[in-house]
Amino acid sequence: MAGRILIRASAFRRLISTSNLTSSFQRIHHVVSAKAASTFSNRLKISPNQTDLLHKIGFTQSQISNFLSQNHLFLTNSNLQDIEASVAVLLSFKILPRDLVSMAIDCPAVLDLEFLRKWEASLSLIELRNVSVLMIRSMLVLSKRFQLDSCIFITTIDLLKRLGLSDATVTRVLEDYPEIVFSNEEDILRTIEFLMGIGIRRGEIDRIICLIPKVLGFRVDGRLKSLVGEFNELGFDQNVIVREIVREPRILATELGEISRCLELLSNLKCRNSIKEKIFRDGALRAAFQVKQRVDCLCKHGLIRTGAFKLLWKEPRLITYELENIEKKIDFLTHKMKFGVDCLMDVPEYLGINFEKQIVPRYHVIEYLDSKGWLGSQVGLREIIKPSRLRFYNLFVKPYPECGKMFGKFVGDNETKSPSRHPMGLWKVFKPQKHPESKEDTKNMKSFMESFI
C-alpha cells in the first residue's frame, strides 16, 4: 500500500513538473513571437502615403496589406511619385483599374516608370488594326518578367503577318500565348505547313490559330504528328480527322491517349439505344471529344479523372448535355444545396434530371420543411433525387399543403384539376344526328325482326 502511494506521488510530481515545463515553453514562445512580430512591424513600417496610393489605384484593404507585406522592398526603393506616374501611363493604355490591380499583384515590377516609358513609345510602332488591352497586358508582364525588349514583340508581330495570319489572329495569339516570342520562324512555319499537309486550307488554319493560339507552340515531330498518328491508328479516315479539327480546333490540344481512353468508355456504355444514337450521331471522334470535355469539366469542379469517367459510365446522358447545363447543376449543388461534389458518385442521377422542373422544386420543399423543423432527420442528396416524382410528392408534399405551390402541379393532387380535353359544349358536336322515322321504315323493321322468330 505504501509503495502504491509513493509511486502515485512521484507520478504526480512528474506531472506537475511537466506542466510547469510546458507552461514555461508557452511563455517563452509567446515572448519570442511577440518580439518577432514587433521586429517585423518595425521593419515593415507601412507609410500612409503607400496605403493611400494603393487605395487610389483600386486595391482593397486586404489586398493592400498582402501586397505591402510581399513587395515592401520594391515599394521602399521606389519613388511614390514615379509609381503614380506609372499608374497614369497604364491608364493611358486604357487598362481598367480592376485589371491594373490584378497586373500589379501578378507582376509588381511592371510599375517601373522607365520601363513603361519605353513601351509607350513602342506601342505606336505596332502595325495592327486593333491592339487590345489584354494584348498590352500580356506583353508588359512577359517583357518585365523575362527582361525582354519591346522590339522582340514587334518583330514577332511582323513575322506572323508575313506568314499570312490576319490582324485579329495575331492579336489573339499575343493575348493568349505571348510566349510565341520564344519560338523561331522555322518552327512556326513547320507547324503551318504540317496543318496544310494533312488537308487543312490556309484560311481555315488562320481560324484554327485564332481559336487555339497555343497550337503554334506545339512541336510538329513531338506532338502534332503523334496525335494525328493516334487518330489514324484508331481507324479514323483522314477526311474525318481534318473535318473534326476544322470544326473543333481544340482537338489539337488533347493529350496523347485521351481520345483512346474516351473511345474505350464509349464502347463499354450500357444504356438505351436511343441514347447511344444521340451520342454517336456526329461520329465516334466527335463523341470521344465530347466525353473529354465533360471529364475536364467534372475534374475542374473537384473530381479525379477516374471518378469522372466512372460518373459518365453511370450516367451516359451527360455526354449529350451542354456543358453550361452541367456546370449550372454542379454550382447549385455546391453553393446552394451545400453538398460536396463527391456526392455525385453515389447519386449520378442528379446530373441527369431536369434542373428547373425537378431539382429546384424539390430543394425548395426540403429547405422549407427544414426551416420549420418538420424533418425528422437530415435529408441527403439521395433522399431528394432518388425517389420518383410520385413518391417524393407523397412523402414531402402531400402532408404539407403549403408545399404544393413550391412543388408545382401534380396529377395526384385532388386540389389540382387537369383541364378538359375539349372546350365546353363540344360534346354536342359528337351527338349522333336523329332522323325522322316513317311508317314504311317501321313496317320494314317489324318484318325484318319477324324473320328471326
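1. Start with α17, which gives the most to the lining of the largest pocket: 6 residues. Helices here are DSSP runs of H or I, at least four residues, numbered from the N terminus. A pocket is an open set of points on a 1 Å grid over the protein atoms alone where a 1.4 Å probe fits, with protein on both sides within 12 Å along at least five of seven lines; lining residues have an atom within 4 Å of a point.

2. Bear in mind that this is a predicted model, where local features need pLDDT of at least 70, side-chain atom pairs count only at pLDDT 80 or more, and totals for linings use all residues. Residues are numbered from 1 along each chain, and side-chain values use heavy atoms, without hydrogens or water.

3. How much space lies in the largest pocket? It comes to about 390 Å³, counted as the space filled by probe spheres set on the grid points. There are 20 lining residues, and R247, Q290, Q293, R294 and E322 sit closest to the centre. Two or more lining residues come from each of α16 (273-279), α17 (284-300) and α19 (323-336).

4. By class, that lining has 10 charged residues (Asp, Glu, Lys, Arg), 6 nonpolar (Ala, Val, Leu, Ile, Met, Phe, Trp, Tyr, Cys, Pro) and 4 polar (the others, Gly among them).

5. The second largest pocket holds about 290 Å³. Its lining has 13 residues, with M337, F339, I366, D370 and V379 closest to the centre. Helix α21 (residues 355-372) supplies the largest share, 4 residues. This lining splits into 7 nonpolar, 4 charged and 2 polar residues.
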